[in-house]
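Hi everyone, thanks for coming.

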Amino acid sequence: MSKTIDVGVFIPVGNHGWIHSTNSPAVEDGSFPRVLEITQRAEALGFDFVLSPGIWRGRKGPSRHWMDSLESLTTSAALLQATEKIGVFATMHMTVYQPAIIAKMMGTLDQIGPGRVGLNLVTGSSYLDLAHVGLWRDGLSHEERYDLADEWIKVVKQLWTEDVTSHKGDFFELVEATMGPKPSRLPPLANAGASPRGFRFAVENCDIAFIGSGEDEKYVQLGRNAKATARDMGKPELKVYGLLTVIPGETNEAAKARLAHFDAGVDLECLEDIARGYDMNPNVKDVSAASKRLAGEGRGSAVSSGAMTGSYDGLAKRIARVVTDGELDGIILIVPDYVEDLRAVAGKTLARMADHGVTCRVSGH
């Protein structure tokens, strides 16, 4: 019996994507024309959705990582207008925007792409990423940031579903608020909170939980634990998607050579800058290890610690095993070259997972 999963693309709206190296593919320049090309090709290949991160700051270091980047919500609007079927997830910081603003913007995005817009909710754990432009919400503990998030999404859902909304809470107040048009359907909500408090927010408020993924047993167990926790909390329908970095090649040797090339140019100053952003968070002790690991802390490689490197055919079997053993409902792909690699992975890897008990809607044609 096969398992069907959703497959999305973590699109590179910042230069270098997620390769922290001076040797990363130059084509990933963080420009809108490039992101548009990637999204339209992903739609043609049958990917279910694209997701853009919320970027507010570039990194120090010779690679100038993310020094050129696009804003997620406005980029999503343009991508929805330029596509017909693919889902488009925007990312936004709940500690930055008032809930009524995003509720209105999402209603507008649904007018552009009815039923295709989703929202990835974040609170922001890196002090440097937000403080340098005056967006850091000071004076909130880790727990309080998620208390704010709970109230924030409650208000947004009320505005999406109620004719008149009044609300008075610890963080927000609305008095006989009205908002229309309503979204054609409630936009799917996602969150990548990895701390116990963060994951509780995802289970209680969202449709999808994002987790780091890979072949190591710690990642496989992370998926199992997420599904078990959701069931225990009465939310068995919560989808768990694994964020997966893939370095592919025609052969294992070719793929390893690509990774070695990226690592030869690893921007250690960039990785140190990322780590410093988390260390400057007054509540750094509460920031999950998973969040810091995904961002680059504690590694000397240009790619994330869970990255999978290998031949297209071999990756098909290995990714299928990660999905099956980790009880994942979907994966979100990070690749070095988002045009050439996605095309090859779609046809030579994802389409072949069916031989190993996992199917998806990506056709590779």
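**A walk through the model**

Let me begin with Trp66, which sits in the loop between strand S3 (49-51) and helix H2 (72-81). By helices (H or I, at least four residues) and strands (E, at least two) I mean DSSP runs, numbered from the N terminus. This is a predicted model, where local features need pLDDT of at least 70, side-chain atom pairs count only at pLDDT 80 or more, and totals for chains, interfaces and linings use all residues. Residues are numbered from 1 along each chain as its sequence is written, and side-chain values use heavy atoms, with hydrogens and water left out.

Back to Trp66: its phi is near 60 degrees, a positive value in a residue other than glycine. Is Trp66 buried or partly exposed? Trp66 counts as buried, because its relative accessibility is 11%. The cut-offs are under 20% relative accessible area for buried, over 50% for exposed, and partly exposed in between (1.4 Å probe, protein chains only).

Glu327 also has a positive phi, about 55 degrees, and is not a glycine. You'll find Glu327 in the loop between helix H11 (312-325) and strand S12 (330-334). At 28% relative accessibility, Glu327 counts as partly exposed.

One more backbone item: the peptide bond joining Gly180 and Pro181 is cis, with omega about 0 degrees. Pro181 belongs to the loop between strand S7 (173-177) and strand S8 (189-191). As background, most residues other than glycine have a negative phi, and most peptide bonds are trans.

Now the interior. A nonpolar core here is a set of buried Ala, Val, Leu, Ile, Met, Phe, Trp, Tyr and Cys residues joined through side-chain atoms within 4.5 Å. The largest one has 93 residues, and Phe47, Leu121, Trp152, Leu333 and Leu350 have the most contacts inside it. Helix H5 (residues 142-161) gives the largest share of this core, 9 residues. Apart from it lies another core, of 11 residues, including Leu259 and Phe262.

What does Phe47 touch, not counting residues up to four places away in sequence? Its partners include Val7, Ile86, Leu333, Leu342, Ala346 and Leu350; contact means heavy atoms within 4.5 Å.

Leu342 and Ala346 are among the buried residues of helix H12 (residues 340-348). The buried residues of H12 pack against strand S2 (6-10), helix H1 (32-45), strand S10 (239-249), helix H8 (252-264), H11 and S12.

Last stop: Gln158, in helix H5. Gln158 is buried, with a relative accessible area of 14%. Leaving aside neighbours within four places in sequence, Gln158 is in contact with Thr165 and His167.
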